[in-house]
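Please open the model in your viewer and keep the selection tool at hand. The tour begins with the chain as a whole and then moves to a helix and a pair of strands.

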Amino acid sequence: MAESSNAEKTEPASPKRLKQARENGDIPRSREVATFTVLMTAGASLWMLGGGVVDKLSTTLQRGLSLDREQITNPSLLIERVIADVAGVMLVCLPLAIAIMLVAVVSPLLIGGWNFSAKSFMPNFGKLNPMNGLGNMVSTNALVELLKAVAKTLLVGAVAWYVVMSQKDAVIGLAVEPLGAAMPHLGGLLAKAFLTMVGALGAIALLDGPYQIWHYANKLKMTRQEVIQESKESDGNPQIKGKIRQLQREMARKRMMSNVPTADVVVTNPTHFAVALKYAENGRGAPRVVAKGTDEVAAKIREIAKENKVALLEAPALARALYKHTDIDDEIPEALYSAVAEVLAYVYQLRAYTKGTSDHYPDRPSKLAVPPEMDPFNPASQQKH
């Protein structure tokens, strides 16, 4: 079975696919929900504002059928009167129009939200393909739309029949009522019938809304291969990223090795650890770690240090503590100040002896003050952690 088949689309749509769909104007929509909200708003508005609208229309009609001699002989006065009457009718109908317009604008927030896509305005000649049209006619979505149309017809028809039959006596009684009382009564019957039938559409909208959300999510589902491919496109190929990380580590190692010749001393374990220290020439701040490593990297640090005549000092506990508790360019921990001070004093005395400015060969530090909890190989450190 092909990977693009619906049977294999088991993964929910990714945020990237959902974003692309919205950019293309593809969002969940329910015509039933929009129709129901607009019609219900129109019916409710007419129910509340209908009396004022009817009164204004009745007054305007009466004025339009009565003209005085001056208006008949002066067309400009007649035009002004017509304009005033039309403006009055528009003004009284304005709240109804505003209510319907606001609901029409806000109703998309119920499902899908607002969305503007310039791509929706671009011509799509694929929609003119008759084969695509035939495919849409026999699709599952077309069957659902057909069932909805049949259900709306049956439901609204049944409700309309019930309303008419339940109000039959009241409708017949309108014939014997005075005109002044019959008109409001008729308006009330019509409004009640309208709202009842629109309410029946609410049942369709209540089912169609969740269905459209489910259908949209199901349509945008992805295959496992599509998810993997999108991940590669977004995050990069894992093999390429691994290669980049390897190159970055090599570059960082080269930069670190270039700092070894500038170090004052390299403290070793003697073979497994090596940490290069440098003290600022201005004497401000604590000594910093300019390079560190284990095994092969430690061996390379020692080799470069020997080539550049950088002092090497074997101090296993101090080397392990420095490696464990510092990173490159970090100042040494305060707990190791005393031990490192002894090391640097030894190095400076050794330099003076080598240059001939001192006749005393310094004693190599043997017992450095390294707190037990700083040494990762010390049992006290392991118990603490």
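Buried means under 20% relative accessible area, exposed over 50%, and partly exposed in between, with a 1.4 Å probe and protein chains only. This is a predicted model, in which local features need pLDDT of at least 70 and side-chain atom pairs count only at pLDDT 80 or more, while totals for chains, interfaces and linings use all residues. Residues are numbered from 1 along each chain as its sequence is written, and side-chain values use heavy atoms, with hydrogens and water left out.

Next, select residues 295-307, which form helix H11. Colour Val-297, Ala-298, Ile-301, Arg-302, Ile-304 and Ala-305, the buried residues of this helix; they lie on the same side of H11 because they cover an arc of only 165° around the axis, the arc being that of the directions from the helix axis to the C-beta atoms. On the face turned away from that buried side, look for the exposed residues Glu-296, Lys-306 and Glu-307. Step past the helix to Lys-309, which follows H11 and has a positive phi, near 55°.

Finally, select strand E4, residues 311-314, whose covered face carries Ala-311 and Leu-313 and whose uncovered face carries Leu-312 and Glu-314.

Note on methods:
Helices (H or I, at least four residues) and strands (E, at least two) are DSSP runs, numbered from the N terminus. The expected span of a helix is 1.5 Å times one less than its number of residues.
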